[in-house]
There are 2 protein chains.
Amino acid sequence: MNIGICGLGTVGSGTFNVLNRNTALINARAGANIQIVQIGARRDNPACDPTGVSVTRDIFEVVDNPAVDVVVELIGGTTIARELVLRAIANGKHVVTANKALIAQYGSEIFEAARRQSVMVAFEAAVAGGIPIIKTLREGLGANRIEWLAGIINGTSNFILTAMEEEGRAFDDALADAQALGYAEADPSFDVEGIDAAHKLVILASLAFGIPLQFDKVYTQGISKLELQDVAYARELGYRIKHLAIARQSEGGVEVRVHPTLIPGNSLIAEVDGVMNAIMVKGDAVGPTMFYGAGAGAEPTASAVVADIIDVARALNSAPEARVPYLAFSGANFNGTPILPIEAVHTAYYLRMSALDKPGVLTAVGSIMSDRGISIEAIIQKRPRPGQDHVPLIMLTNKALESDLMAAVTAIEDLDAIAGKVVHIRVEALDK
Amino acid sequence: MNIGICGLGTVGSGTFNVLNRNTALINARAGANIQIVQIGARRDNPACDPTGVSVTRDIFEVVDNPAVDVVVELIGGTTIARELVLRAIANGKHVVTANKALIAQYGSEIFEAARRQSVMVAFEAAVAGGIPIIKTLREGLGANRIEWLAGIINGTSNFILTAMEEEGRAFDDALADAQALGYAEADPSFDVEGIDAAHKLVILASLAFGIPLQFDKVYTQGISKLELQDVAYARELGYRIKHLAIARQSEGGVEVRVHPTLIPGNSLIAEVDGVMNAIMVKGDAVGPTMFYGAGAGAEPTASAVVADIIDVARALNSAPEARVPYLAFSGANFNGTPILPIEAVHTAYYLRMSALDKPGVLTAVGSIMSDRGISIEAIIQKRPRPGQDHVPLIMLTNKALESDLMAAVTAIEDLDAIAGKVVHIRVEALDK
């Protein structure tokens with residue numbers, strides 16, 4: 001099987017190197033002779049040495065090369081990449097891609113085109129790097145009605161949060177560290193505003209629940225506004241704050257949301273630190289599971305790209321209907337379950353407010369909550385610092401409807417005894 | 001696709017119930033209509049209601065039933081199960097099994113028979129219940145040269161160890177608890193002597209390293225002789241004791257061994273408690289990964305059985321050479337790497353001895369170690385209890401050859417100042 005690689009950046013060079021280093025092993029597993037026949041890249045990459053392989057500066061040459069059976073798209077972005085992938089498909093070539101933004105935003109169009117041409121489009125590397133979570137959801141847990149999944153799927157955010165928690169660094173400092181170490185881009189907004197995680201979650205939610213890819217419906221909140229004091233108070237309450245991507249089957253729809261989240265400090269996923277990724281999946285038969293590994297980097301991502309190449313090699317001569325469906329469910333089996341707006345989400349909350357240190361304030365806040373059917377699970381009230389008349393008041397609520405919670409927050413903010421905004425962070429028990 | 005289930009115990013009834021409850025979802029994922037056409041079981045099981053399905057007391061009737069495409073073997077054991085599976089294959093039927101002992105001991109014979117008949121034999125449920133570790137090793141991590149894997153793959157042993165660690169219970173007490181809760185059999189030796197874990201490890205090692213199934217070559221040691229004081233000392237040293245199944249590519253061969261192991265208390269797998277399972281896999285491209293979930297129980301195991309049924313349904317009409325190879329490598333691609341005897345293993349050790357409380361003993365022990373090139377990483381020497389002249393002396397060594405370590409142990413036991421045996425437990429850093 002002849003492959004053409006488009007893009008020779010971090011993942012492209014990693015893919016080239018893994019294919020070259022482990023050739024015999026990979027071919028023995030695939031039962032095929034996998035060869036790189038062409039590489040399309042705007043520039044060379046000192047991280048790999050493609051001597052002996054045809055290299056072109058025009059990536060579209062790879063896509064139009066009659067000798068290429070499989071196009072491996074590793075250029076990123078959604079404009080040229082979309083054009084490239086659609087042209088590869090039109091040319092009857094199979095596609096392997098690591099491009100989460102492309103699949104999340106244009107997956108429906110791409111899979112429809114691929115279906116018409118009877119070609120495969122594989123995208124294991126688009127979510128959580130080397131962790132085979134796409135295969136796990138599509139195949140390994142195929143017997144299950146998925147109840148929920150929750151993942152740490154943005155390594156940059158997790159690195160920053162770990163530094164905030166363990167070293168007491170503020171967000172800006174921790175971000176600067178991440179940038180210095182190459183874990184964050186110069187423009188970090190894709191990562192720290194949650195967009196990257198939202199791209200990945202759209203894909204996971206589609207695979208888990210059989211719903212179409214709907215990037216515009218995902219509630220997306222990053223970690224850029226997270227304050228160090230909330231990280232510390234969370235710890236005091238026995239929790240840790242992680243940036244979680246959550247998809248959950250709920251009454252009347254699916255919750256699909258990305259945001260900082262308090263999780264119990266003794267849960268396994270709370271121990272996932274630094275740039276590592278992990279995804280918990282709860283299935284009705286299997287119960288809770290977790291899948292952990294490197295979510296980015298040249299070779300971890302290449303591990304997933306090459307696994308896809310092996311899968312494509314095996315299925316090359318199979319009937320299209322015998323292949324694993326692009327989005328886990330065969331044919332047009334999307335179910336009509338809507339994605340719920342964030343207002344309709346049920347979850348528990350952490351609230352922090354600055355309250356005047358006088359009798360009656362807690363009662364006023366408590367009655368606003370109970371009027372809306374929200375019960376309070378735990379409270380921390382700090383002593384006032386010398387010279388200050390306001391104190392931090394921290395609460396954990398039981399599960400409530402987000403719209404009720406937000407109404408309560410507005411009412412609390414209107415109290416004269418409360419200064420400024422009420423910080424609210426969602427809390428997940430991850431146990432059912 | 002018509003399936004026949006042989007055995008209606010815990011896993012059989014779980015499989016029946018999952019297939020029935022999630023029929024629409026499973027068929028949509030499989031792109032096939034999967035039907036149970038016959039069940040063979042010696043007796044009914046109140047845990048499921050197979051009304052409408054033909055039930056026979058003669059399991060071989062299922063195997064000979066011309067309407068059955070896939071035989072699901074869930075009777076356990078290695079005598080009748082072996083006969084049943086071989087007859088199913090001879091009849092041209094595909095086989096799905098959860099039987100680890102059967103695959104570990106008779107897998108070579110079974111896969112050879114299946115290859116001749118061009119039928120599939122799927123066994124995801126044989127290792128780690130609902131965790132799709134077979135698929136992960138055969139497919140998801142297919143790009144990697146596996147460096148090592150280490151798993152908690154016997155839930156009974158992990159439950160007992162967790163009770164010993166967290167509740168300070170002795171082995172016998174914790175075992176009695178496990179039996180009362182149904183986590184351990186009346187005869188617990190398969191679990192607590194490590195045999196069940198060894199069966200599973202044989203399978204994992206073959207998939208990871210491309211070596212034949214060789215149950216007789218696995219070093220197998222259970223937890224039944226583990227003393228509570230060693231669990232406590234391990235904690236004091238920053239470690240936890242887990243019953244690990246380890247396979248590692250080493251110089252000159254593969255280490256395949258099952259034994260109680262000290263692991264760093266801050267490693268993710270150290271947090272895997274109770275009956276849960278987890279397997280770490282280190283690949284050269286992907287780096288460290290971990291896969292966590294329920295390793296036993298009716299529905300977790302059924303999750304894996306049904307995932308296999310879906311895989312078989314997809315590949316039903318595919319060419320045999322396009323299917324994933326039984327043991328991960330296609331054709332007769334076994335490599336000749338031998339399994340190392342335990343004497344040739346390199347690892348670190350925890351040692352505990354009872355030493356006379358007088359000057360010079362530590363020096364004598366230290367010189368025995370250094371004479372054999374073994375260096376000591378940490379020592380705890382306890383004060384003598386009133387009226388006792390011996391004190392516990394605990395050491396952690398650096399990595400050493402097992403045969404050197406055992407020679408040192410024998411020499412230490414020969415010292416007049418040392419009473420009784422030297423307890424030795426292997427230590428794994430799980431970091432490279």
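This is a predicted model: local features need pLDDT of at least 70, side-chain atom pairs count only at pLDDT 80 or more; totals for chains, interfaces and linings use all residues.
In chain B, six strands form an open sheet with parallel pairing, in the order E3-E2-E1-E4-E5-E6. The edges of this sheet are strand E3 (54–56) and strand E6 (121–122) of chain B, each of which pairs on one side only. Strand E2 (residues 35–40) of chain B is joined to E3(B) in the parallel sense over 3 bridges, and within this pair Ile39(B) has Val55(B) of E3(B) as its bridge partner. Helix H12(B) packs on the sheet, where it touches strand E1 (2–6), strand E4 (70–73), strand E5 (94–97) and E6 of chain B, and its direction makes about 160° with that of E5(B).

The helix H12 (residues 298–315) of chain B also packs against helix H1 (residues 10–21) of chain B, at an angle of about 65° and with the two axes 8 Å apart. Since angles of 65 to 115 degrees count as roughly perpendicular, H1(B) and H12(B) are therefore described as roughly perpendicular to each other. The crossing in which H1(B) passes H12(B) is right-handed. On the side of H1(B), the contact is made by Thr10(B), Val11(B), Ser13(B), Gly14(B), Thr15(B), Val18(B) and Leu19(B), while H12(B) contributes Ala298(B), Glu299(B), Thr301(B), Ala302(B), Ser303(B), Val305(B) and Val306(B). Divided by class, this contact of H1(B) with H12(B) has 7 nonpolar, 6 polar and 1 charged residues.

Antiparallel pairing is found around strand E11 (276–283) of chain B. With E12(B), E11(B) pairs in the antiparallel sense over 8 bridges; here Asn277(B) has Gly293(B) of E12(B) as its bridge partner, and a hairpin of 3 residues joins E11(B) to E12(B). Because 8 of the 8 residues of E11(B) are buried, this strand is largely enclosed by the rest of the structure. Met276(B), Ala278(B), Met280(B) and Lys282(B) point one way from E11(B), whereas Asn277(B), Ile279(B), Val281(B) and Gly283(B) point the other way, and all of them are buried.

Helix H6 (residues 133–140) of chain B is likewise largely enclosed by the rest of the structure, because 8 of its 8 residues are buried.

The contact between the chains takes 54 residues from chain A and 53 residues from chain B. On the side of chain A that touches chain B, the elements giving two or more residues are helix H2 (23–30), H6, strand E12 (287–294) and H12 of chain A. Among these, H12(A) gives the most, with 10 residues. By class, the residues of this side of chain A divide into 28 nonpolar, 17 polar and 9 charged. Strand pairing also links the two chains, as E12(A) and E12(B) run antiparallel and are joined by 3 bridges, with Met290(B) of E12(B) as the bridge partner of Tyr292(A).

Terms used: Residues are numbered from 1 along each chain as its sequence is written. Chains are lettered from A and ligands numbered from 1 in the order in which they are written. Axes are lines fitted to C-alpha atoms, for helices over the stretch in contact, and angles run from 0 to 180 degrees between N-to-C directions. Helices (H or I, at least four residues) and strands (E, at least two) are DSSP runs, numbered from the N terminus. Angles under 35 degrees count as roughly parallel, over 145 as roughly antiparallel, 65 to 115 as roughly perpendicular and the rest as oblique. A crossing is left-handed if the near helix is turned anticlockwise from the far one by less than a right angle, and right-handed if clockwise. Two residues are in contact if their C-beta atoms, placed from the backbone, lie within 7 Å. Ala, Val, Leu, Ile, Met, Phe, Trp, Tyr, Cys and Pro count as nonpolar, Asp, Glu, Lys and Arg as charged, and the others, Gly among them, as polar. A residue is buried if 20 or more other C-beta atoms lie within 10 Å of its own, exposed if 12 or fewer, and partly exposed in between; C-beta atoms are placed from the backbone. Two strands pair if DSSP finds at least two bridges between them.
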